[in-house]
Amino acid sequence: MNWDQVKGNWKQFTGKIKAKWGKLTDDDLTTIAGKRDELAGKLQERYGFAKDQAEKELDEFTRTLGP
């Protein structure tokens, strides 16, 4: 699955995102609204990830969502 598909179905994926990264709030997810760079920034902020680690986390997450 690619990020455009995640963005297009953002509301459906917010539950999976919260399950994986529980430190993200509903307000965070509403503000992010499917924008990958904003989600990466929030992961850096909440989890202390470096930028490349946040990107790696997002790549792994999208791979787990299927084709």
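# Helix faces, core and salt bridges in a predicted model

Student: In this predicted model, which residues of helix α2 (residues 10-20) are buried, and why can they be said to line one face?

Tutor: The buried residues of helix α2 are W10, F13, T14 and I17. Viewed along the axis of α2, they fall within an arc of 125°, so they line one face of the helix. An α-helix has 3.6 residues a turn, so residues three or four places apart point the same way.

Student: What distance separates the end C-alpha atoms of α5?

Tutor: Helix α5 has 14 residues, and at 1.5 Å a residue these should span 20 Å. The distance between the end C-alpha atoms agrees with that expectation, being 20 Å.

Student: Which residues of α5 are buried, and what arc do they cover?

Tutor: The buried residues of α5 are A54, E57, L58, F61 and T62. They lie on the same side of α5, because the arc they cover around the axis is only 130°.

Student: Which residues of α5 are exposed on the other side, and which helices do its buried residues pack against?

Tutor: D52, R63 and T64 are exposed on the other side of α5. The buried residues of α5 pack against α1, α2 and α4.

Student: Is K51 buried or exposed?

Tutor: K51 lies in helix α5. Its relative accessibility is 60%, and the cut-off for exposed is over 50%. K51 therefore counts as exposed.

Student: Which residues of the largest nonpolar core touch the most other members, and which elements give two or more residues to this core?

Tutor: The core has 17 residues, of which W10, I17, W21, L24, L39, L43 and L58 touch the most other members. The elements that give two or more residues to this core are α1, α2, α3, α4 and α5.

Student: Leaving aside neighbours within four places in sequence, which residues are in contact with L43?

Tutor: L43 is among the core residues that touch the most other members. With neighbours within four places in sequence set aside, its contacts are W21, L24, G48, F49, A54 and L58.

Student: Is D28 buried or exposed, and which residues is it in contact with beyond its neighbours within four places in sequence?

Tutor: D28 is found in helix α3. Its relative accessible area is 6%, so D28 is buried. Apart from neighbours within four places in sequence, D28 is in contact with K23, K42 and R46.

Student: How far apart in sequence are the parts tied together by the salt bridge of E55 and R36?

Tutor: The side chains of E55 and R36 meet in a salt bridge at 3.0 Å, N to O. E55 lies in helix α5 and R36 in helix α4, so the pair ties together parts whose separation in sequence is 19 residues.

Methods. Residues are numbered from 1 along each chain as its sequence is written. This is a predicted model: local features need pLDDT of at least 70, side-chain atom pairs count only at pLDDT 80 or more; totals for chains, interfaces and linings use all residues. Side-chain values use heavy atoms; hydrogens and water are left out. Buried means under 20% relative accessible area, exposed over 50%, partly exposed in between (1.4 Å probe, protein chains only). Helices (H or I, at least four residues) and strands (E, at least two) are DSSP runs, numbered from the N terminus. The arc is that of the directions from the helix axis to the C-beta atoms. The expected span of a helix is 1.5 Å times one less than its number of residues. Contact means heavy atoms within 4.5 Å. A nonpolar core is a set of buried Ala, Val, Leu, Ile, Met, Phe, Trp, Tyr and Cys residues joined through side-chain atoms within 4.5 Å. A salt bridge is a side-chain nitrogen of Lys or Arg within 4 Å of a carboxyl oxygen of Asp or Glu.
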